[in-house]
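Colleague: I would like to learn how to read the strands and the cores in this model. Could we take them one feature after another?

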Amino acid sequence: MPRLIVSLDGVVVQDYVLTESRATLGRRSTNDIVLTDMAVSGEHVAFTYEKKIGIVVVEDLGSTNGTRVNGLKVRRQVLQSGDLLDIGKCRIRFLMNSLVPESHYMHASEAGSLTAKASHILYGEEDTPTVPADFPLVEEQPYTPSAYLRAVSGANEDILLSKVVTTVGRPGIAVAALTKRGKGYIATKVDGSADVVLNGQALNGVGLSMHKGDRIELAGMAYEFWG
């Protein structure tokens with residue numbers, strides 16, 4: 001069954017199993033999952049479990065501080081097993097089909113065979129039964145995000161830089177092009193009468209290299225570059 005493992009400051013505070021088709025999370029006591037963190041909205045997100053096709057969808061319910069999945073701000077997204085959600089000060093790990101407790105997760109690169117580890121985890125050292133070679137042991141998978149613009153103000157969503165050239169802004173006001181060059185990105189103003197500002201410097205026909213944490217402002221919106 002799908003599970004939501006909620007932690008605060010590195011300590012697991014809730015372990016919720018999704019058994020119904022819908023569950024809500026928020027600060028109000030009427031939610032299925034209640035978090036007392038003041039950065040969490042009254043009704044922050046909803047989890048929809050589509051049992052027939054075996055997926056779980058998270059949907060932000062218009063929260064004040066937003067919902068992030070693997071570092072990216074989202075409104076609605078299908079979750080993958082191992083995804084990390086940041087809601088307020090809480091971090092939630094989503095697991096689709098977990099058979100072992102959170103405290104027993106391990107990486108496959110650890111010494112010993114997977115089958116031996118699986119049998120030890122589930123049954124202890126004594127009376128260990130035979131375990132199939134394809135036993136579905138849960139593994140930690142490191143997440144490596146692509147470069148993206150993180151919404152700071154005036155913008156509703158983060159922008160994933162998944163193309164060679166990504167444009168951002170409002171046509172006629174201010175538009176910037178972020179172009180991938182080698183391992184980095186160059187920001188250039190391409191349209192509009194208003195300034196595109198990178199770290200306080202206007203891009204007036206000059207392309208500037210972007211670095212992690214750089215702030216770009218245009219058309220009433222502000223983003224931070226992460227990549």
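Modeller: Let us begin with a sheet, where two strands are said to pair if DSSP finds at least two bridges between them, and where strands are DSSP runs of E with at least two residues, numbered from the N terminus. Here six strands form an open sheet with antiparallel pairing, in the order β13-β12-β21-β20-β17-β18. Because β13 (159–160) and β18 (201–202) stand at the edges with a single partner strand each, one side of each is left without a neighbour in the sheet. This is a predicted model, in which local features need pLDDT of at least 70 and side-chain atom pairs count only at pLDDT 80 or more, while totals for chains, interfaces and linings use all residues. Residues are numbered from 1 along each chain as its sequence is written, and side-chain values use heavy atoms, with hydrogens and water left out.

Colleague: How many bridges join β17 to β18?

Modeller: Two bridges join strand β17 (residues 197–198) to β18, and the two run antiparallel; Leu198 has Gln201 of β18 as its bridge partner.

Colleague: Which residue takes a positive phi in the hairpin of β15 and β16?

Modeller: Strand β15 (residues 174–181) pairs with strand β16 (residues 184–191) in the antiparallel sense over seven bridges, and Ala176 has Lys189 in β16 as its bridge partner. Two residues lie between the strands of this hairpin, and Gly182 takes a positive phi near 65°. β16 also pairs with strand β19 (residues 208–209), again in the antiparallel sense, over two bridges, with Ser209 in β19 as the bridge partner of Ile186.

Colleague: Which residues touch the most other members of the largest nonpolar core?

Modeller: A nonpolar core is a set of buried Ala, Val, Leu, Ile, Met, Phe, Trp, Tyr and Cys residues joined through side-chain atoms within 4.5 Å, where buried means under 20% relative accessible area with a 1.4 Å probe and protein chains only. In the largest one, of 22 residues, Leu25, Phe47, Val56, Leu79 and Leu85 touch the most other members. The elements that give two or more residues to this core include β1 (3–8), β5 (45–50) and β11 (90–95). Apart from it lies another core of 21 residues, among them Ala147, Ala219, Tyr223 and Phe225.

Colleague: Is Ser7 buried or exposed?

Modeller: Ser7, which is found in strand β1, counts as buried because its relative accessibility is 16%. Leaving aside neighbours within four places in sequence, Ser7 is in contact (heavy atoms within 4.5 Å) with Val12, Val13, Cys90 and Arg91.

Note on methods
Buried means under 20% relative accessible area, exposed over 50%, partly exposed in between (1.4 Å probe, protein chains only). Helices (H or I, at least four residues) and strands (E, at least two) are DSSP runs, numbered from the N terminus.
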